[in-house]
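Me: I would like to learn how to read the features of a protein model, one at a time. Could you show me the structure and then take me through it?

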Amino acid sequence: MATRTLRDEVVSLLQGLIRIDTVNPPGNETRAAEHLRAYLEPFGVDCELYARVPERANLVARIRGTGDGPRLLFLSHTDTVLADPAEWTVDPWSGELRDGQVWGRGALDMKGQVAASAVAIASLAREGFRPRGDLIFAATADEEVGDDPDYGLSWLCREHPDAVRAEFAINEGAGDRVEVGGRAYYLCATAEKMSSPFVLRVHGRSGHASLPSIADNALVKAAAYVEEIAALEPEPQLIPEVEAFLAAIGAPVSRAEDALGAARAVDPAAATMIDALLSATFSPTMIMASHKRNVIPALTEVTVDCRLLPGQTQAEAERLLRSAFGEGDYEIVWREGQGGTRSAMQTPLWEAAESFIAEVEPGARVAPICVAGFTDSHWLREFGTVAYGFFPVKMDPDLAARLVHSADERADVDDLELGVRWLRHAALAIGGQS
Ligand SMILES: [Zn+2]
């Protein structure tokens, strides 16, 4: 053990976690939480399991601080999406080490970061690190589903808020190394769009399908609205994260209308990165009409995946929809929104990210980004935590995006080691020991 490097340690911990099947549903994350506790406790890290039901535990581990500084939380989730072994080159639960990569479901999303967080806190504990504020590691259940009833961070924040309360948190969401205009940037997610789906209910009058003229076909009417949704062109808005991102890549703008052009002038890839961050987006994805071929539907329901900018409201989006649709026999029924939160960009945690990247890749910079999806960070931001999605990864971002939630998911060992170094760096910077 004594001669083992942090690199070996994070690889073997990740392999162990991959070999514990935590596909959600059903999750069964308790075995992963116990595996982590068994690894952490011998190094003097306090561990507590919090579970709504016995088989779905969340682990919260901590090094207690002296109490006069900010707390830092490493947040990650132990559940994964499913995997179909028939699509994989290796057994998805093998954790096989092959060509410098650890293979298996969850390697990128996000058992790799779970393992790196655990190794970071364990190594600091055995070195005698005593932070000013608590250093906390939460490996939570139920991120991939998170429905009602919930078992993961949302439940933890509701039932045991003091266990995870922290001034700063590092979560998933970004950290990827991208090349823009010939320079390298590590993206740090400081904000997230809000997932705010709605159902468009279009009404008509039913009738026999053989006599269409005496009915009023709600499906045909809905088709026109679907076309309107596809043609929507919301007025662009310049959110602070996009403004700061463009400034970081050398394309400063002050007007939203100039953002895409300025980004494209630096690199078309930059334009792709901000395209969905300039307005709300609307993607119709599901439709429900008649249940019988020969019955004209009186009701058609179109489900629309809508993503709002942080701070944007459903009322604002609804005004846009109604002005495109005009008068008609329809309703817009909003489902509960999730996410849509942001953290400040000028913080000690940001400075820690910058000083880390300056150390490991002097030519690169950190650039803020708002992510189009959402993570568990919003549960923390809702009680004031500065939460960033930042786990630096050098793997080609296009490859990583293809592997997450897909076959042959794997993490580079170099990235796992880089992750451990980053988390240790952040803990030392925020913990302010020296
Ligand atoms: Zn994830």
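Predicted model: local features only at pLDDT ≥ 70, side-chain atom pairs only at ≥ 80, totals over all residues.

Me: What is the volume of the largest cavity, and which residues line the largest cavity?

Reply: On a 1 Å grid over the protein atoms alone, a cavity is a set of points where a 1.4 Å probe fits but cannot get out, a pocket is an open set with protein on both sides within 12 Å along at least five of seven lines, and lining residues have an atom within 4 Å of a point. Grid points are joined across faces, edges and corners, and a volume is the space filled by probe spheres set on the points. Here the largest cavity has a volume of about 30 Å³, and its lining includes Pro70, Arg71, Leu72 and Asp134. Helix 14 (residues 413–431) provides the largest share of that lining, three residues, where a helix is a DSSP run of H or I with at least four residues, a strand is a run of E with at least two, and both are numbered from the N terminus.

Me: Which helix gives the most to the lining of the largest pocket?

Reply: The largest pocket holds about 1,200 Å³ of space, and helix 3 gives the most to its lining, with six residues. Of the 41 residues that line this pocket, Gly173, Ala174, Asp176, Pro397 and Ala401 lie nearest its centre. By class, the lining has 25 nonpolar, seven polar and nine charged residues, where Ala, Val, Leu, Ile, Met, Phe, Trp, Tyr, Cys and Pro count as nonpolar, Asp, Glu, Lys and Arg as charged, and the others, Gly among them, as polar.

Me: At what angle do helix 3 and helix 14 pack?

Reply: Axes are lines fitted to C-alpha atoms, for helices over the stretch in contact, and angles run from 0 to 180 degrees between N-to-C directions. Helix 3 (residues 107–126) and helix 14 pack at an angle of about 50 degrees, with their axes 8 Å apart. The two helices are therefore oblique to each other, since angles under 35 degrees count as roughly parallel, over 145 as roughly antiparallel, 65 to 115 as roughly perpendicular and the rest as oblique.

Me: In what order do the three strands of the open sheet lie?

Reply: Strands of a sheet pair through backbone hydrogen bonds, either parallel or antiparallel. Two strands count as paired if DSSP finds at least two bridges between them. The order in this open sheet is 4-5-20, with antiparallel pairing, and strand 4 (97–98) and strand 20 are the edge strands, each pairing on one side only. Three bridges join strand 5 (residues 101–103) to strand 20, and valine 102 stands opposite alanine 411 in strand 20.

Me: How many bridges join strand 8 to strand 9?

Reply: Four bridges join strand 8 (residues 177–180) to strand 9 (residues 183–192), and these strands run antiparallel. Within this pair, glutamate 179 stands opposite alanine 184. The hairpin has two residues between the strands, and glycine 181 takes a positive phi near 55 degrees there.

Notes:
Residues numbered from 1 in each chain as written. Heavy atoms only, no water.
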